[in-house]
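Dear colleague,

I am passing on the structure we spoke about, and below it you will find some notes on what was found. Please read them with the model open beside you.

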Amino acid sequence: MNREPVAPAAQGTLRAAALGVQGNTWREGSQKANSLAELDWAIDLELLTSRAWVEIDAAQLRENLRLLQRRLGSNVEIWAVVKANAYGHGAQLVAPVAVAAGAKGLCVATLAEGIELRQTGLQAPILVLGALNTWAELQQAMAARLEVSLTCAEQIPLMRQVARWAGRPVPVHVNVDTGMTRLGIPWKEAAAVWGQICRIPELEGCSLFSHLATADEPHSPVMEQQHARFAQVVEQIRQAGDPLPALHLDNSAGALTHLHYSRVRLGLVLYGLSPAPHLPVPGLQPILRLKARLSHIQTVPAQTGVSYGHRYITSRPSRIATLAIGYADGIPRRLSGWLRGWVRGGLIQQVGTITMDQCMWDVTERPDIQVGDVVELLGPNLANAGLSVQDWADQLGTISYELLCGLSARLPRVLVNSLGFDDA
């Protein structure tokens, strides 16, 4: 039997559970089976119940990381940015593959994201990029062995109290605001704050970092200004005689534009997407595929309205197929009538308004298509036809990040091509 990679029957919020394995497919949120027979039965059940899912290509993720490491140099540390559920890809699947492939650390945005990853058994450093301003937040971060960002000097007294409670120093990464105007110590004050941290035994200074606001723009004077400001902070620390920690300024776009320091935080490029058209990486490929099953096919006469508002009316006797995925799963309603999919070796056209859980397709010219067929909505076949996630973004006037992060939690994430991956 030629099986599609299987999505877990349990859907919804990602859980900190074990990863079950069968052959070349890992499934997020599933418990390890007691026997191969039991696991085969579970897979057969899942085949009957899956409606739509996201596939993540573990082999391509490893290859992307290898290509990027080679481009940046072996002396550069890559920290994988897996916030927002790894940009919609599934953090609990992506993070262990990235670490096994050489990523030295992980970056998340929130406390909950960090705790979820730590509960899976990951031992790699996990940096929470967002601000933690309360005792409860910092206490939980310490309990989960997370590393935290210092985003304002007022956090220091609280961090010292939590360190005394924990009986060990708080691992601190100092966020320097060099021009993003989002979080961080003002750059003119950052060297002094770092010097203060170096003299506080309850705090362990781990790194100094900033975030670029315009790295995806060619020849950006703002990026150069931010670099100059960060370099000035580093020089002030040197002149003060304080020890220099690890330094990181570059995100994906910054790292591809001009490498400044020996650590980088990579997000979008790890997932195989360029942050800007002028920043291609040869060989880099998307690791995500979005698929759904056809649940119904009917033949209707000419002049039949399809979906809400009857914004599409058949011009001939037509064969209309229903695909079990909609805007609640992250398929933007504004792509109605534009979207195309790939099934049985060819393209089909979406018609009518995309609804919450389903959308309709004209398969009149495709008598081979049947209920149960799997339609690829994002993946290599669509990318080759000019229908990548970036093409979706261009059509909608947005960015690929937003669309990837918008893929719903009710879509199971499935790791494929995982042979050779060791999660021990």
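Which residues of E8 lie on one side and which on the other, and are they buried or exposed? Please keep in mind that this is a predicted model. On one side of E8 are Val170, Val172, Val174 and Val176, on the other are Pro171, His173, Asn175 and Asp177, and all of them are buried, so that both faces of the strand are covered. Because eight of the eight residues of strand E8 (residues 170-177) are buried, where buried means under 20% relative accessible area, the strand is largely enclosed by the rest of the structure.

Strand E7 (residues 147-150) pairs with E8 in the parallel sense over three bridges, and Val148 has Val172 in E8 as its bridge partner.

As for the whole chain, it has 13 helices and 21 strands, and 53% of its 424 residues are buried. Among contacts with a separation of 6 or more, 66% are between residues 24 or more positions apart. The chain exposes about 18,200 Å², of which carbon and sulfur atoms supply 52%.

With best wishes

Terms used
Residues are numbered from 1 along each chain as its sequence is written. This is a predicted model: local features need pLDDT of at least 70, side-chain atom pairs count only at pLDDT 80 or more; totals for chains, interfaces and linings use all residues. Side-chain values use heavy atoms; hydrogens and water are left out. Helices (H or I, at least four residues) and strands (E, at least two) are DSSP runs, numbered from the N terminus. Buried means under 20% relative accessible area, exposed over 50%, partly exposed in between (1.4 Å probe, protein chains only). Contact means heavy atoms within 4.5 Å. Accessible areas come from the Shrake-Rupley method with a 1.4 Å probe; for residues, only the protein chains shown count as cover. Two strands pair if DSSP finds at least two bridges between them.
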